[in-house]
Structure formats: C-alpha cells, structure tokens
Amino acid sequence: MDQRKLMRFTQGAGLLSCPVCGEPLLLEDTALRCAAGHSFDIARQGYVNLLAGAHRSQGYDRASFEKRRQVFSSGIYDDIAQEVCRIVADLAEDKTAENDKPPRVLDAGCGEGYFARAVAHKTAAQVAAFDISKDSVQLAAGTDADDGIIWFVADLAAIPVRDHTIDCVLDIFSPAHYGEFRRVLAPGGFVVKAIPTEHHLHELRERASGQLAHDDYSNERVIEHFKESCELLATRRVTRTQELDPEALDALLAMTPLLFHVDRAAIDWSDVCEVTVEADILLGRFT
C-alpha cells in the first residue's frame, strides 16, 4: 500500500473511535485497532470503513458520484468552495494563534470529496471526511495520495469520532445531525452549513416544473432548524451563473437530486445554455 495513504491515519491519531466499543482507534500496520481488539482494515485507496451493517446512499451510486466529479470540474461550484475555504482559513488563523496547532475540520457527508479537498489544499486545517456511501469515499480517497485527508465510511447518526476533538464541522449540501455535531465539536467549535436557495438551479427547475412535486423551493425551514439547534453567527450568499458544455450539463442533470424523480428524457434541455448555482452558507456555534 502507498505509505502516503497510511500517513493520513498517523496524522489523525486519536481522532477516530471504534464504532463497536467507542475506544480510540490507532494505526497498526495497515489497519486501525482499538484496545479491545476490534480491527478495521485500511483499503488500498486509503480509506477505512467504519460503518456497521449494510447501508445504501439514497439515490446515489458510483456513476452518480463520478458525474458529480465531472460537474465540479467545470468550476461552477468553485465560488462556494472558495467561500467555505475563506471561513475555515479565518478559523484556522485564530486557532493556530491560540495554541499553535492546526484546527481539525470534519466534512460530514463529503460525497466524492470536492469540498474536503478544497479545504485541505487551501487552508492550514487538518481534514477528516466521511460519507455513508462507500462508493463515494472510495472515489474520494483514491484521487490524491498527498491530500492528507482522513477518509472513512460512516453513518451521520453515529459518527465514529471521539468527543470534543473537532474544531469545525462542514455540512455542505448534506443532511445534518446536530446532536452528533455538538458531541464531536470542541468547546467553541463551529458548524459551517451550505444550503441551496430558491434560485439554485432555477433554469432546470423551471424546465422540469411539470414533473416536480413543488414548483418553488424555500430554505427557510432549514435555516430555522439551524437556528433552533445552534447560534447563527453569520449568513453569506454565494451565486454563480455559468455556461456549461453539453457534457457537463448532462452530468449535472444526472447527478442533481432535484431531478431524481423526473423523466429527464421527456424534457428538451437543448437550449439550456447556462445554469445558476446559489447557496446560503451558515456559520454557527453551539452555546
């Protein structure tokens, strides 16, 4: 196995916990083991599966995550990634000045790893990232042996991370579990959550309106739930409208949950030349 991929787990020593007994997991040869003897092999791609039982990511498979990678490669989500990195970089600067240690960032529901990689490459943070989909984590971990990211498969409702060891949780276009976020965050830690706005992919929504259960969308309920769960410190809106070539558009149509229950073949997309992505990025802290 590539030693650089094993190094990911030495750098994060003491961060992960055993999903069976909760004891810390440490690297031994090519596996993570706890004091009780439970062992989890590190796959050749450089990730570890800490998910108990069989789970399937609703609506997603490996092909879908490969389409996501193609869409992200178009650059249409770059502004959102840059804003997330700016927030984390500010937090990292404060954290490093405080105790001369880089902050630990956890990407919850990382998908194929686009946002986790952006943060790892553009900030001083130490990044761990997980998803319930083995296909997505396998794809993410196999991309860059030098990214230093601790990749693992896990359930959002039972995150195998030790209590109060994370400085910032990223929740980017993913479901949230605020009870688990509170548990893993260190005192004063932050949650950064990105959610679509009513204008997100509006060009696609308008074209598919005849097949959608709801013609319009509002993120107000998600924001209210966030505010009920933690203190909302700031909200930043990021918008980008960009032309997509036919291949990138086809990939977007295939990967967006907006169209999972739509007969895409029955809609003429040929004159859709540009698409808007827009997100509200929420910064919060538990009190």
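Leaving aside residues up to four places away in sequence, Asn-49 touches Phe-40, Lys-134 and Val-153. The model described here is predicted. Asn-49 belongs to strand β4, which covers residues 47-49. With a relative accessible area of 32%, Asn-49 is partly exposed. Its contact Lys-134 is 85 residues away in sequence, yet the two C-alpha atoms are 7.5 Å apart in space. A polar atom of the Asn-49 side chain also lies 3.0 Å from the backbone nitrogen of Leu-51.

Turning to the aromatic residues, a search of the whole structure finds nine aromatic pairs. Two of these pairs are set out below.

| Pair | Centre to centre | Angle between planes | Geometry |
|---|---|---|---|
| Phe-115 and Phe-173 | 6.4 Å | 45 degrees | tilted |
| Tyr-178 and Phe-181 | 5.9 Å | 90 degrees | edge-to-face |

The pair of Phe-115 and Phe-173 links distant parts of the chain, 58 residues apart. Phe-115 is in helix α4 (residues 114-122), whereas Phe-173 is in the loop between β8 (166-172) and α6 (178-184). Phe-115 counts as buried because its relative accessibility is 8%, under the 20% limit. Phe-173, at a relative accessible area of 29%, is partly exposed.

Tyr-178 and Phe-181 both lie in helix α6; they are three residues apart, so about one helical turn separates them. Both Tyr-178 and Phe-181 are buried.

Ring pairs also join Phe-115 and Phe-173 with Phe-72, Tyr-77 and Tyr-114 into a cluster.

Definitions and conventions. Residues are numbered from 1 along each chain as its sequence is written. This is a predicted model: local features need pLDDT of at least 70, side-chain atom pairs count only at pLDDT 80 or more; totals for chains, interfaces and linings use all residues. Side-chain values use heavy atoms; hydrogens and water are left out. Helices (H or I, at least four residues) and strands (E, at least two) are DSSP runs, numbered from the N terminus. Buried means under 20% relative accessible area, exposed over 50%, partly exposed in between (1.4 Å probe, protein chains only). Contact means heavy atoms within 4.5 Å. A polar contact is a pair of N or O atoms within 3.5 Å; within protein, one must be able to donate a hydrogen and the other to accept it, and residues adjacent in sequence count only if both atoms are side-chain atoms. Rings of Phe, Tyr and Trp (its six-membered ring) pair if their centres lie within 6.5 Å; planes under 30 degrees apart count as stacked, over 60 as edge-to-face and the rest as tilted.
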